[in-house]
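Open the model in your viewer and keep the sequence panel in view.

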Amino acid sequence: MDRFTFLKLAKSSEKGFNPIALLRRLLPVYEELLRRLRVAGADWVQIDEPALVLDLIPNERDALQFAYCRLSKAAPELKIMVATYFGSLGNNLETAILCPWRDCTSISYALQSSWRPSAGSRRRNLCSRSD
């Protein structure tokens, strides 16, 4: 399970605590893991992200996209397959498509041929962020 799903499903006894806020602190661990896997000879890594089928709010979608932008930069030669299951991407489809899959990365889901970005879409590509 990937770090986003891990945090999304986390519970806290602290009222008002948002586990997704810990994502930036957890990302360096995953970045290092991906670098080590690449050095060890891995060409592909599969990351299970079942939270992609949940009803995510906009800041969670932004956090997910930001995380994959960071991971794609950590080991650019490594191909990452993101797997999701237990349902369709629904409102998260556009977020998944905006993630930095490029030529080196893919997501394993059946993309409906009729999908098109919605007119006036407010989703933006967050990969240009430097942090």
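Start by selecting helices H2 and H3, whose crossing is right-handed; a crossing counts as right-handed if the near helix is turned clockwise from the far one by less than a right angle, and left-handed if anticlockwise. Helices here are DSSP runs of H or I with at least four residues, strands are runs of E with at least two, and both are numbered from the N terminus. On the H2 side, show Leu-23, Arg-24, Leu-27, Pro-28, Tyr-30, Glu-31, Leu-34 and Arg-35, which make the contact with Ala-63, Phe-66, Ala-67, Arg-70, Leu-71 and Ala-74 of H3. Contact means heavy atoms within 4.5 Å.

Before moving on, note what is on screen. This is a predicted model, in which local features need pLDDT of at least 70 and side-chain atom pairs count only at pLDDT 80 or more, while totals for chains, interfaces and linings use all residues. Residues are numbered from 1 along each chain as its sequence is written, and side-chain values use heavy atoms, with hydrogens and water left out.

Stay with the pair and look at the geometry. The axes of H2 and H3 come within 9 Å and cross at roughly 30 degrees. H2 is therefore roughly parallel to H3, a label for angles under 35 degrees; over 145 is roughly antiparallel, 65 to 115 roughly perpendicular, and the rest oblique. The axes are lines fitted to C-alpha atoms, for helices over the stretch in contact, and angles run from 0 to 180 degrees between N-to-C directions.

Next, select Phe-4, Leu-34 and Leu-71, the residues with the most contacts inside the largest nonpolar core, which has 24 residues. Helix H1 (3–8), helix H2 (23–39), strand S1 (44–48), helix H3 (58–74), strand S2 (79–83) and helix H4 (93–98) each supply at least two residues of this core. H3 gives the most, with six residues. Such a core is a set of buried Ala, Val, Leu, Ile, Met, Phe, Trp, Tyr and Cys residues joined through side-chain atoms within 4.5 Å. Buried means under 20% relative accessible area, exposed over 50%, and partly exposed in between (1.4 Å probe, protein chains only).

Centre on Leu-34. Leaving aside neighbours within four places in sequence, Leu-34 is in contact with Val-45, Leu-71, Ala-75, Leu-78 and Ile-80.

Now move along H2 to Leu-37. Is Leu-37 buried or partly exposed? Leu-37 is partly exposed, because its relative accessible area is 31%. Leaving aside neighbours within four places, Leu-37 is in contact with Ala-42 and Val-45.

Switch to helix H3 and select Glu-60. Glu-60 counts as buried because its relative accessibility is 8%. Not counting residues up to four places away in sequence, Glu-60 touches Phe-4, Lys-8, Ile-20 and Asp-55. From Glu-60 to Lys-8, 52 residues apart along the chain, the C-alpha separation is 8.5 Å.

Also in H3 is Gln-65, buried with a relative accessible area of 0%. Draw a C-alpha distance from Gln-65 to Thr-95: the two are 30 residues apart along the chain and separated by 6.6 Å.

Finally, zoom out. The chain has four helices and three strands, in the order α-α-β-α-β-α-β along the sequence. Buried residues make up 40% of the 131 residues.
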